[in-house]
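Colleague: I have this model open and would like to go through it. Can we start with the helix packing?

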Amino acid sequence: MEAALALADTRGDFSMRALGRRLRVDPMAIYRHFKDKEGVLDAMVDAALADLEPPAPGGGTPAERLRRMCTGFRDVLASHPGVALRVSTTRPTLGPHTLALTDACVGLIRELGLDAAAATQAFLMIIRFISGVTSAEERLRADGDDEATWREELRAGYASVQPDQLPNVFAMAAEVPGLGFQREFEYGLDLLIEGLVLRGSRAS
């Protein structure tokens, strides 16, 4: 799994042949331990998540602990770009670490006052938000672009519209340079959690 993570994190295409070269074995030998390539990739995601620990029960309110857990998940994905792209584009991984973290996260959402159905929807929405944001940033870097250049292009695009026709879009041009991926992530996460807290209080 260490070799698979290292290979995926090079931002190149992951293949069993490349993994075999890294391990200095015939690629077919890997299938003695995994059913297929999907099994290797699922185990790779689960191995990356092994570094993420659920917050301790006494470490703040459920909302505070949920926020720390979500931030930690983003940090893990940011440190493993190959994993970030896989989490955002494929079926759920059901490894032991992933399942334990899922159980802990849904438990925190339920502590906010949501029932099982609402907590399930909220969990999936949070995962899509975090993995989507992180993979979008990774795709930008994989294409060789940097955030400053991307923001300048975005600012210039907004500034190019006619302010009398699209005043709100034009006003956005002045705001884009002061933002950042981290700031935008935290803003979006806070919106989600605050919404869940509000909905949980109404359900109680």
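Modeller: The buried residues of α10 pack against α4, α7 and α8 (147–159). Helices here are DSSP runs of H or I, at least four residues, numbered from the N terminus. This is a predicted model, where local features need pLDDT of at least 70, side-chain atom pairs count only at pLDDT 80 or more, and totals for chains, interfaces and linings use all residues. Residues are numbered from 1 along each chain as its sequence is written, and side-chain values use heavy atoms, with hydrogens and water left out.

Colleague: Which residues of α10 are buried?

Modeller: Phe-181, Phe-185, Gly-188, Leu-189, Leu-192, Ile-193, Leu-196 and Gly-200. Buried means under 20% relative accessible area, with a 1.4 Å probe and protein chains only.

Colleague: How do α7 and α10 pack?

Modeller: Their axes are 11 Å apart, at an angle of about 170 degrees. Axes are lines fitted to C-alpha atoms over the stretch in contact, and angles run from 0 to 180 degrees between N-to-C directions. Angles over 145 degrees count as roughly antiparallel, so α7 and α10 are roughly antiparallel.

Colleague: What does Leu-66 touch?

Modeller: Beyond neighbours within four places in sequence, Leu-66 is in contact (heavy atoms within 4.5 Å) with residues including Cys-105, Ile-126 and Ile-193.

Colleague: New topic. Where is confidence lowest?

Modeller: In α5, with a mean pLDDT of 69; pLDDT is the predictor's confidence in each residue, from 0 to 100. Where pLDDT is low, the predicted coordinates should not be read in detail.

Colleague: And the chain's mean pLDDT, what is that?

Modeller: The mean is 88, and 95% of the residues reach 70 or more.

Definitions and conventions. Buried < 20%, exposed > 50% of the residue type's maximum accessible area, 1.4 Å probe, protein only. Helix = DSSP H or I, 4+ residues; strand = E, 2+ residues; numbered from the N terminus. Parallel < 35°, antiparallel > 145°, perpendicular 65-115°, else oblique.
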